[in-house]
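Visitor: I'd like to get to know this structure piece by piece. Could you walk me through it?

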Amino acid sequence: MRQPSLKKLNDAYAEKFGFSMPEKSVLSFDFGLSEKVIEDISNSKKEPKWMKDFRLESLQIFRQKPMPTWGPSLEEIDFEQIRYFIKDTDVEKKTWDEVPKEIKDTFDRLGVLQAEREFLAGVKAQYNSEVAYSSLQAELDEQGVIFCSMEEALQKHSDLFKEYFAKLIPAADNKFAALNSAAWSGGSFVYIPPNTHVKRPLQSYFRINAARMGQFERTLIIADEGSSAHYVEGCTAPVYSEYSLHSAVVEVFVKKDARFRYTTIQNWSGNIYNLVTKRAKVFQNGVMEWVDGNLGAKMTMKYPSCYLVEEGAYGEMLSIAYAKNHQIQDTGAKMLHLAKNTSSKIIAKSVSIAGGQSNYRGLVFISKAAKNSKSKVECDALILDDQSATCTYPDMKISGENAVVEHEASVSEIEEEKLYYLMSRGLDKTEAMTLLVAGFIEPIVKELPLEYAVELNRLIELEMEGSVG
Amino acid sequence: MQTVLLENQESFILEPEQDTLYLVLLDKEADLGKIKVDLSFNKSEVNCRLLFLGRLKSKSNWQIESNSRHFVPKTSCLTEFYLSQADESRVDYFGQIYIGQKASQTKSFLKEQSLVLGKAVFNRSRPILEIFNNKVKASHSASSSRISETDLFYLMSRGFEKNEAEKILEEAFFNKVFDSVKVEEARELIKGYLC
Amino acid sequence: MSVLKIKNLQVSLNKKNILDKIDLSIKNGETHILMGQNGAGKSTLAQSIMGNPNYSVKGEISFDTHSLLELDPQQRAALGIFLSFQQILEIPGVKIYDYLKLLHKKSHEKKLTPMKFKAFLKERMEILSFNEEFLKRSLNHGFSGGEKKKMEVLQMLVLEPKLIILDEIDSGLDIDAIEAVAKAVNFLKKEKKSSVLLITHYSRILNFLSVDHVHLLSKGKIVKDGDGLLVKQIEAKGFAAFLKE
């Protein structure tokens with residue numbers, strides 16, 4: 001049943017995902033970061049003065065901040081070789097013919113629609129979403145929900161925007177947050193009014209265009225008191241981008257009694273450094289849930305955090321990392337308990353295959369003020385061959401009285417007995433391994449919206465076919 | 001299995017040649033404590049257990065580090081910490097398991113339990129796994145919690161004072177470890193430490 | 001024609017001999033019973049036929065025209081051999097419905113539409129009085145002993161094997177469940193002319209199955225062959241009486 005060309009395709013998919021598009025295909029723009037580039041960005045967006053000043057200040061901070069001294073090496077990033085701004089119209093200059101065959105083949109295997117393919121490959125700036133989206137927009141308007149681009153929000157909802165923007169992740173938080181603050185472009189703005197419940201997931205996928213999906217996305221979400229919603233970003237199909245650095249910032253405010261879930265599935269092409277700062281501030285009895293799946297990229301560094309600042313706040317993180325072909329997935333979560341009766345849960349599952357490395361890096365902090373707080377952390381790593389690696393770096397700092405903290409981490413391989421059991425029912429080794437890997441991540445996959453779960457399983461199947469020896 | 005007591009030193013660099021139970025009994029009287037144990041496994045078929053027991057007194061401040069590094073196939077290590085913490089005691093614990101690419105069929109586990117007895121206790125722990133081989137079993141678990149209120153209530157309902165009940169539960173906490181040690185020599189040492 | 005033919009089979013596990021000079025042949029549509037005390041080597045024989053990589057095997061096992069020893073478990077399954085395990089593994093996260101669908105796809109040339117597959121599965125679940133709710137659960141995960149056994153038999157009904165090997169499928173089952181399992185075996189015997197090798201300690205399941213041959217295994221050797229009556233005799237007198245002979 002296996003197609004003869006499949007091995008070849010997968011080899012190509014595996015080895016050559018880290019290609020970059022020929023430079024000639026893009027109009028030349030200034031490389032490197034300068035005041036001029038930052039001003040160009042701000043001017044082209046017709047931003048108010050405060051934002052332009054914010055960007056320029058952030059640039060200074062970026063220049064002063066050292067690179068992180070912990071975690072995987074970022075030495076190869078050359079900030080002068082990065083193009084910091086590109087207009088939609090330039091994206092359109094690229095043609096479908098220029099998209100590498102490997103990417104096209106993968107789209108074929110996944111059954112991605114042509115309209116989506118062009119968009120994912122960066123050929124088309126705007127992905128023309130289906131009717132479903134406009135009916136969602138009407139529903140949202142009726143509820144008073146704001147769901148628009150950051151640029152639009154800055155123009156149309158400036159007070160709200162200014163009240164929250166960069167309040168949770170200031171430019172000085174870290175070098176990459178500073179870079180994002182200086183050069184940000186695109187991303188979503190969401191405001192949910194008090195006691196409003198948004199039933200359908202807000203999907204950034206239907207909204208984004210190439211500019212918004214740019215390398216320095218910025219997302220700002222405010223779930224007002226008693227509201228609830230689910231935001232979904234990314235997609236399982238590989239996203240090709242010629243930018244080598246993606247550094248997004250996401251700020252989420254979860255007000256009293258509100259409930260918010262933020263789901264991310266990312267599958268960047270293998271040439272990309274994906275360095276993201278995500279943070280949520282959770283107020284009294286609020287609930288924040290991060291669901292995060294990372295499959296692609298050369299290196300991912302992402303540790304979504306919850307600042308549990310008022311009594312009864314709850315933070316949760318469910319993550320899947322899949323590292324192959326010398327990729328490094330360095331992911332985890334931070335839970336900061338800053339008020340009493342707060343609780344948190346982290347479940348992280350990772351798969352390392354064909355020379356990939358998955359790391360869990362996490363923090364649980366229970367401050368003196370956080371009496372009677374609870375935290376539970378579970379990290380499970382699956383390592384499929386002797387070329388791959390997995391590391392776990394948790395940090396737990398506990399001073400709160402009556403704190404209950406539990407942490408468990410385990411590393412395992414696919415059990416031979418299970419493999420034999422499944423093979424004795426007629427499955428070949430690859431199918432059996434795929435099934436067991438899918439079973440391993442199922443507890444997290446089942447939390448994804450159905451279409452994402454189905455696609456993710458299909459993608460793992462495709463990945464495994466080429467990687468199991 | 002031989003028993004080796006690690007004492008009177010801040011740092012131990014060890015390369016076990018045979019199955020060994022390393023026992024570390026943290027000084028009950030110390031205000032400031034520091035200990036580091038490095039175990040490097042360079043000989044196959046060697047199985048070790050590294051057991052830290054500590055009743056940390058009020059206002060004491062401890063820095064503890066353990067490293068189990070496995071470089072050859074077929075070694076195993078069980079690293080365990082059982083600590084009880086009195087008022088305002090502080091522990092900063094760093095524990096690492098490293099399994100190199102050649103060290104297939106390694107088993108290495110790290111288990112850390114602290115029982116909080118007093119107020120204003122600080123506890124930091126960083127249990128680290130670095131695994132570069134797939135034919136291994138490795139895990140770490142850490143838990144930190146107060147004496148269970150239910151247990152305390154149960155004992156008090158049988159007529160024990162609160163501090164007596166706490167003492168009984170602390171003993172019970174350590175007894176679980178004591179029972180898991182089969183080597184007579186080590187049992188005597190632990191018994192001496194606990195009373 | 002023989003479906004399964006075993007000749008001069010020797011099996012060892014971790015260098016310890018378990019089976020010695022085993023000869024056995026099972027013809028099309030026949031039902032054979034394998035009995036013996038604990039540790040006699042019954043499960044080892046079953047696992048050797050299926051190709052468990054932990055055992056080292058010498059001698060001959062052939063199935064139809066194929067020599068089995070060079071084949072891996074998957075290839076043996078593809079030929080139509082099925083083994084229900086004695087120790088049944090739990091595989092969390094593997095959804096039963098998807099799994100059964102995959103098994104059907106692997107074992108049948110003709111694909112069924114989702115609707116038809118559902119009907120196919122429903123019919124087979126009814127044989128075992130299995131609740132459809134089970135389809136949403138993970139494979140054997142959190143199942144009771146009896147549910148696990150029935151799940152093995154359901155997989156058998158989906159695969160429709162030519163040779164059914166059941167390793168103590170009746171242990172720990174209540175009488176209703178035993179009858180259901182026998183019904184499933186009889187269903188395949190009738191519909192697919194399947195052959196059966198049943199390992200058991202008890203005669204209860206034989207009230208629902210017709211038996212062609214009985215083999216008594218002791219210390220790695222087949223010490224007695226007989227027909228259905230042998231089971232009654234063993235049950236009446238105990239194994240020891242036969243082993244002395």
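**Where chains A and B touch**

Visitor: How many residues does the contact take from chain A, and how many from chain B?
Guide: Keep in mind that we're looking at a predicted model. The contact draws on both chains, A and B, with 29 residues from chain A and 27 residues from chain B.

Visitor: Which element gives the most to the side of chain A that touches chain B?
Guide: Two strands of chain A, E18 (389–398) and E19 (404–412), each supply at least two residues of that side. The top giver, with 10 residues, is E18(A).

Visitor: In which sense do E19(A) and strand E11 of chain B pair?
Guide: E11 of chain B covers residues 136–146, and seven bridges link this strand with E19(A). The sense of the pairing is antiparallel.

**Two helices in chain A**

Visitor: Are H3(A) and H10(A) roughly parallel or antiparallel to each other?
Guide: In general, two packed helices are described by the angle between their axes and the distance between the axes. Here the axes of H3 (residues 49–64) and H10 (residues 175–183) of chain A come within 7 Å and cross at roughly 150 degrees. Angles over 145 degrees count as roughly antiparallel. So H3(A) and H10(A) are roughly antiparallel.

Visitor: What classes of residue does the contact of H3(A) with H10(A) have?
Guide: From H3(A) the meeting residues include Phe54(A), Leu59(A) and Phe62(A), and from H10(A) they include Lys175(A), Ala178(A) and Leu179(A). By class, that contact has seven nonpolar, two polar and two charged residues.

**Over to chain C**

Visitor: What classes make up the side of chain C that touches chain A?
Guide: This contact takes 20 residues from chain C and 16 residues from chain A. On chain C, the elements giving two or more residues are helix H2 (73–79), strand E7 (91–95), helix H3 (96–107) and helix H5 (145–159). The classes on that side are 13 nonpolar, five polar and two charged.

Visitor: Why is chain C as compact as a globular protein of its length?
Guide: Chain C has eight helices and 12 strands, and its C-alpha atoms fill a box of roughly 55 × 40 × 35 Å along the principal axes. For 245 residues the globule rule gives 18 Å, so chain C counts as that compact because its radius of gyration is close to this, at 18 Å.

Methods:
Residues numbered from 1 in each chain as written. Chains lettered and ligands numbered in written order. Predicted model: local features only at pLDDT ≥ 70, side-chain atom pairs only at ≥ 80, totals over all residues. Contact = placed C-beta atoms within 7 Å. Helix = DSSP H or I, 4+ residues; strand = E, 2+ residues; numbered from the N terminus. Pairing = 2+ DSSP bridges. Nonpolar A, V, L, I, M, F, W, Y, C, P; charged D, E, K, R; others polar. Axes fitted to C-alpha atoms, helices over the stretch in contact; angles between N-to-C directions. Parallel < 35°, antiparallel > 145°, perpendicular 65-115°, else oblique. Rg over C-alpha atoms; globule rule 2.2 N^0.38 Å.
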